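Student: I have not seen this structure before. Could we go through it and check each label against its rule?

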Amino acid sequence: MTPPQIAALAPRAQHWGFRRNLLRPADSHRADRVTYIELFFDLIFVLALTQLSRSLSENQTLVGALEFAILMLAIWWIWVYTTWVTNWLNPVRLPVRGIVIGLSFIGLVMSASLYESFGDRGIIFAAAYVSVQLGRTVFMLLAVVRHDPVLHRTFVRILIWLSVASIFWIVGAFLPPEPRLLLWAIALGIELLSAGLGFRVPGLGRSGVEDWDLSGPHIAERSALFVIIALGESLLVTGFAFVEEDTSPQTITGMFLAFVTGVAMWWLYFDHAERVGRRAIAASTSPGRVARLAYTYVHAIIIAGIVLTSVADKAIILHPDDEMTTATTVLAVGGPLLYIAGLLVFRLVVANELLVAHLVGIGLLVAVIPFASLLSPLGLGIVTTGILVITASWETIVRLREGTTDTDAG
């Protein structure tokens, strides 16, 4: 968009909105800073992820998996949109801080209703979800209309797309579980598709990623912090499962495996991948493109892998010697598989690296599947944990042999 076109958007429609500029100050230490109010907002997702784990743990069916996928992506989408907004707006400003606190409360209501979202609390979940999506977008319009016409136009498009999706969220909440799942899948599909299309709207055009002037280091750090939250949630879930069971060698072993799995997952992400991503997005001439693909879409796979693994760890602690089931196999293998696959794609996107360690880890996990029925849940947990440790160790050894220093690591 040319300067004359931008200028034409500005004065006549800007008799409303915040007079004070709420955008983050450019070229200052605050431009990339993650603020404490953003971390406070993230706290609600501890409950959300815990409820997701609980839901899948108690409904290990195909329908339960589909419900989990819809809710997981919905929660992630809420977090992503809010992270992008606080990337542009300055949370130090009181109006911005106020909206984040308001979103946190609505998010708490949404998280509390998540477990029964396909039951009696569907309308509570849907209303809270829609309120966050639309309310945050309207606030963004008010915040930027006087100060950034290009960004304002982008959020006009976003509001139109979210409004269409909201119809399916609300209508679906009044229907039985099966049609509700369908309508909520359509709603989520609309939201996910809109970003991929640049929020194209007839008559308003599309928003190009080149228009998304954002702080790459901020996006990278926020995403890394969410990975920490997900890992913390996994330890919380397994910890509660251990507390509920009688102490035995099997439950102690299961708890130890869950901890080692968490360490291996942390190592795979934070030993070097997080630093590689942060540098790549900071150096990119199109940080919006990297943020959309690597940190919006690919990180959803990484987070889903962590949550699935936490459900598997819980199942291993509660039923260490039971006969192996298909659901336990899918969880115990699928969680680590999704996680490593997500990291593989992440490194490929941000640094054009295809790591042999990741390929080997994925290959070993796939190779385990045909033999899973011969193992107990605890035995399968030992195998999958071992594969994660091997993958993390291999990647670190290669990094050190290639001369990458500990300072360059996470």
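Tutor: This is a predicted model. Start with R180, which has a relative accessibility of 6% and counts as buried.

Student: What makes R180 count as buried?

Tutor: Buried means under 20% relative accessible area. R180 is at 6%, so the label buried applies. The residue lies in helix α8, residues 177-196.

Student: Which residues does R180 touch, leaving aside neighbours within four places in sequence?

Tutor: R180 is in contact with S117, F118, G119, G122, G172, A173 and L175. F118 is 62 residues away along the chain, and the two C-alpha atoms are separated by 7.5 Å.

Student: How do you know that R180 has a polar contact with L175?

Tutor: A polar atom of the R180 side chain lies 2.9 Å from the backbone oxygen of L175. The limit for such a pair is 3.5 Å, and 2.9 Å falls within 3.5 Å.

Student: What makes R180 a charge over the ring of W184?

Tutor: R180 lies over the face of W184, at 5.8 Å from the ring centre. The distance cut-off is 6 Å. R54 is also placed over a ring face, that of Y115, at 3.6 Å from the ring centre.

Student: How many aromatic pairs are there by the ring rule?

Tutor: The count comes to 21 aromatic pairs.

Student: Why is the pair of W79 and F226 called tilted?

Tutor: The ring centres are 4.8 Å apart, within the 6.5 Å limit, so the rings pair. Planes under 30 degrees apart would be stacked and over 60 edge-to-face. The planes of W79 and F226 are at 50°, so the pair is tilted.

Student: Where in the chain do W79 and F226 sit?

Tutor: W79 is in helix α4, residues 62-88, and F226 is in helix α9, residues 216-244. They are 147 residues apart, and the pair links distant parts of the chain. W79 is buried at 1% relative accessibility, and F226 is buried at 0%.

Student: What caps the N-terminal end of α9?

Tutor: S215 does, with a side-chain oxygen 3.3 Å from the backbone nitrogen of H218. As for length, α9 has 29 residues and reaches 43 Å between its end C-alpha atoms, close to the 42 Å expected.

Student: How do you know that the span of helix α13 agrees with expectation?

Tutor: Helix α13, residues 356-368, has 13 residues and should span 18 Å. Its end C-alpha atoms are 18 Å apart, so the values agree.

Student: Why are the buried residues of α13 said to line one face?

Tutor: The buried residues are A357, H358, G361, I362, L365 and V368. Seen down the helix axis, they fall within an arc of 135°, so they line one face of α13. They pack against α10, α12 and α14.

Student: Is R157 buried or exposed?

Tutor: R157, in helix α7, has a relative accessible area of 4%; that is under 20%, so R157 is buried. A polar atom of its side chain lies 3.3 Å from the backbone oxygen of G205. Its contacts beyond four places in sequence include F199, L204 and S207.

Student: Why is T296 called buried?

Tutor: T296 is at 4% relative accessibility, under the 20% cut-off, so T296 counts as buried. T296 is in helix α11 and touches W76, W77, V80, W84 and A291, not counting residues up to four places away in sequence.

Definitions and conventions: Residues numbered from 1 in each chain as written. Predicted model: local features only at pLDDT ≥ 70, side-chain atom pairs only at ≥ 80, totals over all residues. Heavy atoms only, no water. Phe/Tyr/Trp six-rings, centres within 6.5 Å; stacked < 30°, edge-to-face > 60°. Helix = DSSP H or I, 4+ residues; strand = E, 2+ residues; numbered from the N terminus. Buried < 20%, exposed > 50% of the residue type's maximum accessible area, 1.4 Å probe, protein only. Lys NZ or Arg CZ within 6 Å of the ring centre and 35° of its normal. Expected span 1.5 Å × (residues − 1). Polar contact = N/O pair within 3.5 Å; in protein donor to acceptor, adjacent residues only side chain to side chain. Contact = heavy atoms within 4.5 Å. Arc of directions from axis to C-beta.
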